[in-house]
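Colleague: I would like to go through this model step by step. Shall we start where the chains meet?

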Amino acid sequence: MPAWPLAWTWAFAVIAAAMDGRRRAVLWLSGAALGVLFALDLALIVQTSTRGTLEVVTGHWPAGVGIRLRADVMSGLFAASSTLVLFAALLHEASRAALTRTFPALVLFMAAGLHGLFFTGDAFNFYVFFEVSMTAAFALVTHGHGAPKLRVAHTFIVVNLLGSVIFLAAVGELYQVSGTLDLRQIAEWARAQPSGSLSLLGALVLAAFSLKLGLFPFHFWLPPAYRDSRPAVAAILAGALANIGSYGLLRFGADVLQGELRAGAPALLVIGSASALYGAFLALTRRGGAEVVAYSAISHAGYILVALGLGRAGLLAALLLSLSGALDKATLFLALESRGTLARFAFLAGATSAVGIPLTVGFVGKAALLKAAAASAHPFGTVAVVVIAGVLSMLYMYRVYLRSETRALEAPGPAAVPMAALVAAVVVGLSVWPEPVLKLAAQVATTLEEGG
Amino acid sequence: MNLIAAVTVALLFGSGAYLLISRDLVKITAGTVLITNAAILFLMAGGFRGLRAPIQPTPTPRLVLDPVLQALSLTAVVIGFGITALLLAVVASLERTHHTLDIRCLQESEVASEEAEETDAGEGEEEA
């Protein structure tokens with residue numbers, strides 16, 4: 001039942017909002033709520049993979065009147081990975097610094113918004129939940145640090161608000177041309193249209209989600225926001241909020257507007273390659289660890305777009321890269337702030353995964369991307385871009401690692417609860433035993449292909 | 001009717017974009033308000049089939065405003081309102097700490113306070 005995780009988180013978010021988040025009890029309550037949510041997500045993945053797409057119309061309204069919630073394996077995978085990141089970030093922040101009154105509630109509202117977004121079957125509801133999680137993110141960015149960084153928060157809010165406005169215009173236009181807001185009906189309608197006739201809509205959707213994901217021409221807000229917020233908040237932005245961008249591109253691009261994705265493939269390849277290389281080169285020039293990881297996220301977003309531009313063969317890679325990118329960026333941000341051997345291993349796991357070296361989940365995604373690129377019509381350019389960006393990423397990650405290692409040796413601060421290690425364990429675990437995730441991702445890719 | 005709506009949307013969006021490139025934080029916030037409302041008017045304008053209120057019993061369904069788009073606009077207005085309030089709160093707290101709303105002055109003020117922090121940290125290390 002896709003309604004359960006949503007209702008569960010929403011209820012706890014409201015309870016936590018009414019309570020004082022500085023108290024330990026509220027922290028444990030929120031942590032437990034997220035833990036149960038993760039179990040619910042996993043149960044939903046199992047259910048959807050065996051029984052297919054689950055659908056429920058809220059309030060027992062007749063279909064077409066009530067709002068439809070719809071869950072498939074793809075939304076389950078995104079939901080589970082986001083929940084994991086939020087859980088780790090919440091406990092990490094609690095172990096590092098005194099929580100503010102609203103922090104646990106904001107994390108829960110973010111979880112609720114993300115679950116609504118992943119599980120909705122309605123284009124306008126997608127926008128509403130998108131705004132719920134964005135608003136939670138806006139408040140989180142202003143959390144914790146002193147007043148000097150608020151200007152960055154202001155820019156972050158203004159830029160992302162513009163992205164939401166673009167998406168709202170796209171939703172309005174979708175409704176006007178297709179006459180429905182139900183995503184599946186829009187998809188059926190769009191399939192009947194001549195290819196390329198919806199290119200304006202496709203461009204609007206691409207711009208809106210690229211902005212959230214931080215792709216190259218829309219990236220300028222991302223590095224300052226990641227650098228100047230608390231590491232736990234940066235992990236939430238990179239590991240949970242960025243999922244909106246990749247999920248939106250997969251849902252609206254690969255599922256709803258398939259014809260436009262095919263028609264726009266050359267543009268996707270160009271923007272994706274530019275983003276992958278630009279992010280990698282800029283990461284090399286940065287000194288601060290958080291900034292390097294932020295540019296590495298821009299580079300990784302480029303891979304996802306390249307994978308989408310490769311057509312059907314790239315869908316599996318796009319999904320795996322979205323999941324691995326979110327998990328390893330979260331690991332890196334949390335590990336950068338922690339001290340001790342465990343944190344160093346966590347950083348190493350995150351960095352290897354971002355580079356795409358075996359024994360981490362990043363390798364699984366990178367391998368799928370290279371396989372799809374090699375099988376495409378023009379393999380040379382795409383493979384070259386992926387390999388160059390990969391080599392550069394190895395260089396800058398190694399530099400950050402060296403610097404963090406010396407720093408950790410000099411100042412062996414208090415060993416925090418190593419939440420970074422938890423996410424890192426998942427990053428490694430998913431690669432040591434990749435069959436379940438690969439099988440699920442392949443299932444998603446086949447469903448998306450069959451739809452078109 | 002469509003022409004009036006189109007011109008208004010264009011005007012709102014243009015004025016909003018103009019305000020966005022100014023250096024005053026309140027003006028930038030006002031710009032986002034105008035752009036949000038341009039999008040909401042664009043959303044509503046899609047339902048301008050006729051100009052009667054969509055209240056039962058409707059004379060002919062073809063001649064009333066599209067109620068779905070009205071509902072969507074209402075939701076978007078509420079969301080826009082909430083985010084504007086949040087933005088203004090950020091602006092207010094910036095004003096309180098830096099006593100300016102000009103972006104360039106803010107940048108200078110931030111650099112100054114960062115340098116102060118760094119010297120503090122440096123002194124702390126020497127003592128340790």
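**Where two chains meet**

Modeller: This is a predicted model. Across the interface of chain B and chain A, the rule finds two residue pairs in polar contact, both at pLDDT 80 or more.

Colleague: How many salt bridges are there between chain B and chain A?

Modeller: A salt bridge needs a side-chain nitrogen of Lys or Arg within 4 Å of a carboxyl oxygen of Asp or Glu. Between chain B and chain A the count is zero.

Colleague: Which element gives the largest share of the side of chain B that touches chain A?

Modeller: Helices H2 (25–45), H3 (67–98) and H4 (103–127) of chain B each give two or more residues to that side. By class, the side has 21 nonpolar, ten polar and four charged residues. The largest share, 15 residues, comes from H3(B).

Colleague: How much area do chain B and chain A bury between them?

Modeller: In contact are 35 residues of chain B and 26 residues of chain A. Carbon and sulfur atoms carry 79% of the buried area. The total is about 2700 Å².

Colleague: Within chain A, are helices H3 and H4 roughly parallel or roughly antiparallel to each other?

Modeller: The axes of H3 (residues 73–96) and H4 (residues 103–119) of chain A come within 10 Å and cross at roughly 175°. Angles over 145 degrees count as roughly antiparallel. Therefore H3(A) and H4(A) are roughly antiparallel.

Colleague: Which residues of H4(A) make the contact with H3(A)?

Modeller: On the H3(A) side, the residues include A:Phe78 and A:Leu86. The contact residues divide into twelve nonpolar, five polar and one charged. From H4(A) come A:Phe103, A:Pro104, A:Val107, A:Met110, A:Ala111, A:Leu114, A:His115, A:Phe118 and A:Phe119.

Technical notes:
Residues are numbered from 1 along each chain as its sequence is written. Chains are lettered from A and ligands numbered from 1 in the order in which they are written. This is a predicted model: local features need pLDDT of at least 70, side-chain atom pairs count only at pLDDT 80 or more; totals for chains, interfaces and linings use all residues. Side-chain values use heavy atoms; hydrogens and water are left out. Axes are lines fitted to C-alpha atoms, for helices over the stretch in contact, and angles run from 0 to 180 degrees between N-to-C directions. Helices (H or I, at least four residues) and strands (E, at least two) are DSSP runs, numbered from the N terminus. Angles under 35 degrees count as roughly parallel, over 145 as roughly antiparallel, 65 to 115 as roughly perpendicular and the rest as oblique. Contact means heavy atoms within 4.5 Å. Ala, Val, Leu, Ile, Met, Phe, Trp, Tyr, Cys and Pro count as nonpolar, Asp, Glu, Lys and Arg as charged, and the others, Gly among them, as polar. Buried area is the accessible area (1.4 Å probe) that two parts lose on being put together, summed over both. A polar contact is a pair of N or O atoms within 3.5 Å; within protein, one must be able to donate a hydrogen and the other to accept it, and residues adjacent in sequence count only if both atoms are side-chain atoms.
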